[in-house]
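Dear colleague,

Please find below the structure that I am handing over to you.

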Amino acid sequence: MRIDIVTIFPNMFSPILNESIIKRAQQKKILKIRVHDLRDYTLDKHRKVDDRPFGGGPGMVMCCQPIFSAVQAIKQKTENRKLKTKIILLSPQGKTLTQKKAQQLAQLKHLILVCGHYEGVDERVKKNLIDEEISIGDYVLTGGELPAMVLIDCVVRLLPGVLGRAESLKEESFQNNTLEYPQYSRPAVFNGLQVPKVLLSGNHKLIKEWRRKQAIIITKKKRADLLSKHR
């Protein structure tokens, strides 16, 4: 997969992209990530990428010209010109990022992530360039950089070969509209607190059944809305 990020704060991404699973995915050649400074694509001599909104109002709006130019340049530089590209705007107006959406995105070969800022972006970008708007929750952030990082982390770990054991993905929270079952590790007893005996039994059938039941119990308690999706 290739991911291109368009942002006015490219330095924000270095700590995230050069650590942990995302770093290893790049080292394994499973993933290519490029960060593009939007200011490199503006025609304004002062490198401005925003301006006052028509009709008045507070704040500034990101102009359409730099964003159109950046996306066009990225597409032209892509090694495989026929590569299917999905252009995503990180925006509080977008559909909420879910595990199901992450799985869909993980099937694609090329993502271009546009990080919004200020009071938003020119509507012509949304209507004529962007394929989809995605939000990470019902709250407003300073910009789209942090949501882009969340989306990347969520999607990259689903790519084949990224995680050490593919089986670990099958039992994670949200995979079957349930939260994950309780997890325990060594020691078996800590400060008088014991690990459930079934997990020490070695009986894999009983352990699997116990985990399934616990997942449902936890989901009913914390996120009952997820279980309604089974119906």
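P187 sits in the loop between α7 (167-170) and β8 (189-190); helices (H or I, at least four residues) and strands (E, at least two) are DSSP runs, numbered from the N terminus. The peptide bond that joins R186 and P187 is cis, with omega at about 0°. Most peptide bonds, by contrast, are trans, and most residues other than glycine have a negative phi.

Please note that this is a predicted model, in which local features need pLDDT of at least 70 and side-chain atom pairs count only at pLDDT 80 or more, while totals for chains, interfaces and linings use all residues. Residues are numbered from 1 along each chain as its sequence is written, and side-chain values use heavy atoms, with hydrogens and water left out.

K29, in the loop between α2 and β2, has a phi near 65°, a positive value in a residue other than glycine. K29 is exposed, with a relative accessible area of 73%; exposed means over 50%, buried under 20% and partly exposed in between (1.4 Å probe, protein chains only). N191 lies in the loop between β8 and β9 (193-194). Its phi is also positive, at about 50°, although N191 is not a glycine. N191 is exposed as well, at 66% relative accessibility.

Turning to the protein as a whole, the secondary structure comes to nine helices and nine strands. The C-alpha trace spans about 70 × 40 × 35 Å along its principal axes. Of the 231 residues, 39% count as buried. The accessible surface comes to about 14600 Å², and 51% of it belongs to carbon and sulfur atoms; these areas come from the Shrake-Rupley method with a 1.4 Å probe, and for residues only the protein chains shown count as cover. Among contacts with a separation of 6 or more, 75% are between residues 24 or more positions apart, where contact means heavy atoms within 4.5 Å.

As to charge, the protein has 41 positive and 23 negative side chains, and the centres of the two sets lie 8 Å apart. Lys and Arg count as positive and Asp and Glu as negative, whereas His and the chain ends are not counted. The place of a charge is taken as NZ of Lys, CZ of Arg, CG of Asp or CD of Glu.

Nine of the 12 residues of α6 are buried, so the helix is mostly covered. Among the buried residues are M149, L151, I152, V155 and V156.

The largest nonpolar core has 29 residues, and those with the most contacts inside it are I3, L31, L113, L151, I152 and V156. Such a core is a set of buried Ala, Val, Leu, Ile, Met, Phe, Trp, Tyr and Cys residues joined through side-chain atoms within 4.5 Å. At least two residues of this core come from each of β1 (2-7), α2 (20-27), β5 (85-96), α4 (99-105), β6 (110-115) and α6. The largest share, seven residues, is that of α6. Beyond its neighbours within four places in sequence, I3 touches L31, K32, I33, R34, L111, L113, I152 and V156. Another core, of 20 residues, lies apart from this one and includes Y41, I74, L89 and V114.

D4 lies in strand β1 and is buried, with a relative accessible area of 0%. Leaving aside neighbours within four places in sequence, D4 is in contact with R34, H36, I74, H110, L111, I112 and L113.

Helix α3 (residues 64-77) has 14 residues and reaches 20 Å from its first C-alpha to its last, close to the 20 Å expected. Its buried residues are C64, P66, I67, A70, V71, A73 and I74, and their cover includes β1, β2 (32-37), β4 (61-62), β5, β6 and α5 (123-128). One of them, V71, has a relative accessibility of 2%. V71 and K100 are 29 residues apart in sequence and 26 Å apart in space, C-alpha to C-alpha.

With kind regards

Notes
Expected span 1.5 Å × (residues − 1).
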